[in-house]
Amino acid sequence: MDSETATISADGHGGHPAPTSFWRKYIFSVDHKVIGIQFLFTSLFFALIGGALAMLIRTQLAWPFREVPGFFPTSGGVMLPEAYIAMVTMHGTIMIFFVIIPILSGAFGNFLIPLMVGARDMAFPRLNMYSYWIMVPAFLVMLAAFFVEGGTAAAGWTSYPPLSALADMVPGSGMGQTLWIVSLLLVGTSSLMGAINYITTIVLMRAKGLTTFRLPLTIWALFITAILVLLATPVLTSALILLLLDRGMGTHFFLPDGGGNPILWQHLFWFYSHPAVYIMILPAMGITSDVISTFARKPLFGYRPMVYSIMAIAGLGFIVWGHHMFVSGMSPVLGVTFMTSTMMIALPSAIKTFNWLGTLWGGNIHFTSAMLNAIAFVAMFIIGGLTGVFAAATPVDIFIHDTHWIVGHIHYVLFGGSLFGVFAGLYYWFPKMFGRMMDERLGKIHFALTFITFNLVFFPMFILGASGMPRRLADPYQYEFLAPLQGLNQFMTYSAFVLFLSQLILIGNFAWSLFRGRQAAANPWQANTLEWATTSPPPHDNFETIPVVYRGAYEYASPLIAEDYLPQHRWLDGATPTTVPQPAGD
Amino acid sequence: MSSHQISRWMCIMLFLFAAACGGGGEGGAVEDDEAGASAVVDPATAGRVSGTINFTGTAPEPQLIQMDAEPVCLEQYDEGPFTQDVVVNDNGTLANVFIYVKSGLEELEFSTPTEPAVLDQQACRYHPHVLGIQTNQTLIIRNSDPFLHNIHPQPVNSRPFNISQPTQDMETERSFPAAEIMIPVSCDVHSWMSAYVGVVDHPYFDVTGDDGAFELPNLPPGEYEIEAWHEFYGAQTMNVTVGEGESVETEFTYEGE
Amino acid sequence: MTVESISTFGNEVDSLFLIILIVTGFAFVLTEGLLIYFLIRYRHRDGSKARYIHGNRQVEILWTLVPGLMLFGLAIYQTGAWQLIRQILPAESEALVIAVEARQFEWHPTYPGADGRLGTDDDIEAPINVIQVPVNRKVIVRLSADDVLHSFFVPALRVKQDAVPGRPISLWFEATKVGQYEIACTELCGLGHYRMRAFLTVAEPADFEAWLAEIEAR
């Protein structure tokens, strides 16, 4: 019986025996846990590359055109402006498409979803395997772009035509841009495969008793994210194909000589890329909710409002894309509508923030590495969100659009938010993935260094932005009004070097703990969700017997028992899967 | 995949990435001197062709180049600067004319000179305005100004390239593998800048200066077609015969309005 | 904003920035303050136990409505400024109309000649990257692009507008102070993007006329 057809029931595992050969076990595996770990390792690798690119960018901004030892051999070590904008392009592209999205959706999504819903694997295990392996040619093609004539794409990760459509406008718009497009088409395909799997699994393969409103927020977030991926990615795919046609087939979708409109690309691109930022933040929000509740030993405050807020963020996320285009030449009337919708999307994020605070209030807070990172998510996301309000304000955006204000804002939500969320998830689920504990002391040192230097690098960007410093300038100090900012940029660069080096602590801790970490128990954090109901790591088919669920995911400090946690699957006298639903709001 | 294998793969990829950073760029890369047989020109029998490029009539008024936004350049000019598309010398000759042997040398092969040619960007202009170079000969492009110029030649017979030089004294080396008359060179940051490079596969070329004179020495005896090229007035050809040891004087004449 | 504001609507942009700064600053202090307080006050100590509470409907309603109304209010409050800056252009008869064409990597300004209209034979081409305007006079810039996207950013005027090939777009401003200010390109346009710099001079009307006459004569 093959796994695709037999798995619309939580118990069945398609009847196939566990794989035995090395290749089937670790390389071409259909096991969601292995696939999740594959996504994790490759994403961490690309995080190093993306981080190295960031160090190059910061070096240039501190000392423009100074020789960089070991790099840029064809120009005497000097980062030429065409190389700088290529660095900027690839840093954004790699971090978004090869780090944050694959880690949150690919790694955590794959690993956690079947475990947290009580299934033995995803609905479509083989499709799942393909979703990882199609990323491999995507990686290779994107890396190959660095080595072709003209170098890699250099039109920004936003790739606006005509710059990205006409090969002679910048060296990177030759073969490099074509490879960039091809790579992203492959990434999009991978995302869609994953989304189909996640939605099907969450809707159809939940354990008995795991009703919709007993799902942990990590699952809600991954579920809504998968819907976003499903609906938004095809638009990017289409836009990329149109761009490819304009580049090579003589069409004029985006080229004015021939009746095309460059602004059309922006609409199509941002129609995907704005939901994409929610694709990048929602899973981290879900993880944060679960980690905070677990280590505050307290139920999540406002579970239903939290769920509805995720839905609102996703829904509103489809009608705000024009806020990237206020000065693009788009009709000014749309400036009013998009400003309003964008202001409103701050609301569900604010509600979530208040509910996280509500979860901490009255809690019994344990400061593990995972918890520290989850708290940092909240603190940094507040800054990221609030600075977004300035950008949403259309008249103010006239000034701060395309300046470092925006760079600061996006890094507060993507690094301060998503990446700290990733760190929280890593420290939290490492024991479940690998059966060993990470070193807590190293975790705390990594956290402290990262948190401090992160703020030293990125908070000054709001000062730079308010001073009018544009993005993507290879040498901003050519302008008199920006020359005084070089000192601040140098300070930020030194901080960035320490920030990057601090990640070595995480890598070292991660690698060392893989082999030498303390053995992990099934439920080392005494948490409530179903993944902790099995061994660390789980067996091939996840559970000895599929658990039955009697309650929601956040029954900490329950008066029913002596312990301060009450797992979802733990049977109590009189409990049935359909017992009285847990209290909605006290 | 074990962590050890991952780490090794990471190291290899990072090394490759670090070593190759620089954007690649094969268009016009410097090549080695050709190892082909070089024609040996017997000095006992070699002749020369020389002469002047005359100009009659009225030349168009040179246009003022408005370098107001680049004061570092503008202050280096006492007057002007003016466009260089037609420069008539005081002695009634035409400057910036490229003269070369168009045909008659087909049986001979010439080695690539090791000495590079130099195109300098200084005070927001190219120096020289018209340059001759041999195929595969190294061209050193230098930026003598303290800010960005980019060199953007648009050859037809070779691969175009576009490379920036953001700082003063930066030098870039390129060469052209195929002959072409003439390759326009421009800067995208200063659109008034213009130069022309003539690429030939032999050393018999010259550019007229402020005396309007040209010289093609050390030419083996034979029958040749000589061409003069001017960016505004176009090309003119002439047949000359060079006897053994003969020195041929000739002249071209361009007419203005 | 740290760059001096020298346009009529620039002060409005700056005061909007300040209002948002105050509102978000207040939200920042409140939320981060509570966060830090809770982390200290509710940290684990021997024998401590968390409250078994799942939420509170009243407080949810409160912190939905209050921020919701504030955000919506902020949006509505700003539509006036946006309309002034971007939706309503002054009449061409009462403004100085200049054409600015952007191309890699220069700004090419053109002024109307004696007939006062652009697009006619007597148009005056200003030096590349040099724009001069009279103070206290409405100016309309007809922005176009020759090759790729560029963006016309004058920090001191609080003006920014993308230049789109194939689509001329007009923007307006009125400068209130004499001086020289920089113009930057703020849409990535290639390797010379960082050096695509122009200079705006705001001059007394007499000086402006003299300058215009001088460049016409060149």
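How many C-beta neighbours does Asn136(C) have inside 10 Å, and what does Asn136(C) count as on that basis?

Author: Residues are numbered from 1 along each chain as its sequence is written, while chains are lettered from A and ligands numbered from 1 in the order in which they are written. The model is a predicted one, in which local features need pLDDT of at least 70 and side-chain atom pairs count only at pLDDT 80 or more, whereas totals for chains, interfaces and linings use all residues.

Asn136(C) counts as partly exposed because it has 14 C-beta neighbours inside 10 Å. A residue is called buried if 20 or more other C-beta atoms lie within 10 Å of its own, exposed if 12 or fewer do, and partly exposed in between, the C-beta atoms being placed from the backbone. Asn136(C) is not a glycine, yet its phi is positive, at about 55 degrees. Most residues other than glycine have a negative phi. Asn136(C) sits in the loop between strand 4 and strand 5 (138-145) of chain C; helices (H or I, at least four residues) and strands (E, at least two) are DSSP runs, numbered from the N terminus.

Strand 4 of chain C, residues 130-134, is mostly covered, with four of its five residues buried. This strand pairs in the parallel sense with strand 10 (residues 198-203) of chain C over five bridges, where pairing requires that DSSP find at least two bridges between the strands. Within that pairing, Gln132(C) has Thr201(C) of strand 10 as its bridge partner.

As for confidence, chain C has a mean pLDDT of 94, and 100% of its residues reach 70 or more; pLDDT is the predictor's confidence in each residue, from 0 to 100. The model as a whole scores ipTM 0.96 and pTM 0.92. The domain assignment divides chain C into domain 1 (10-44 + 54-87) and domain 2 (92-217), with bounds that come from an automatic or database domain assignment. The C-alpha centres of these two domains of chain C are 38 Å apart.

Chain C also meets chain A: 73 residues of chain C are in contact with 82 residues of chain A, contact being defined as C-beta atoms, placed from the backbone, within 7 Å of each other. On the side of chain C that touches chain A, at least two residues each come from helix 1 (10-41), helix 2, strand 6 (150-154), strand 7 (159-163) and strand 9 (179-185) of chain C. Helix 2 of chain C gives the most to that side, with 17 residues.

Among the buried residues of helix 9 of chain A are Tyr303(A), Met306(A), Ile310(A) and Ile313(A).

Arg472(A) has a phi of about 60 degrees and lies in the loop between helix 15 (460-466) and helix 16 of chain A. Arg472(A) is buried because 23 other C-beta atoms lie within 10 Å.

In the segment after helix 16 (486-516) of chain A lies Ala520(A), which is likewise buried, with 21 other C-beta atoms within 10 Å. Beyond its neighbours within four places in sequence, Ala520(A) is in contact with Pro431(A), Gly435(A), Arg436(A), Met437(A) and Ser536(A). Ser536(A) is 16 residues from Ala520(A) in sequence, and their C-alpha atoms are 6.2 Å apart in space. The peptide bond from Ser536(A) to Pro537(A) is cis, with omega near -5 degrees, and Pro537(A) is also in the segment after helix 16 of chain A. Another cis peptide bond joins Pro161(A) and Pro162(A), with omega about 0 degrees; Pro162(A) belongs to the loop between helix 5 and helix 6 of chain A. Most peptide bonds are trans.

Terms used
Two residues are in contact if their C-beta atoms, placed from the backbone, lie within 7 Å.
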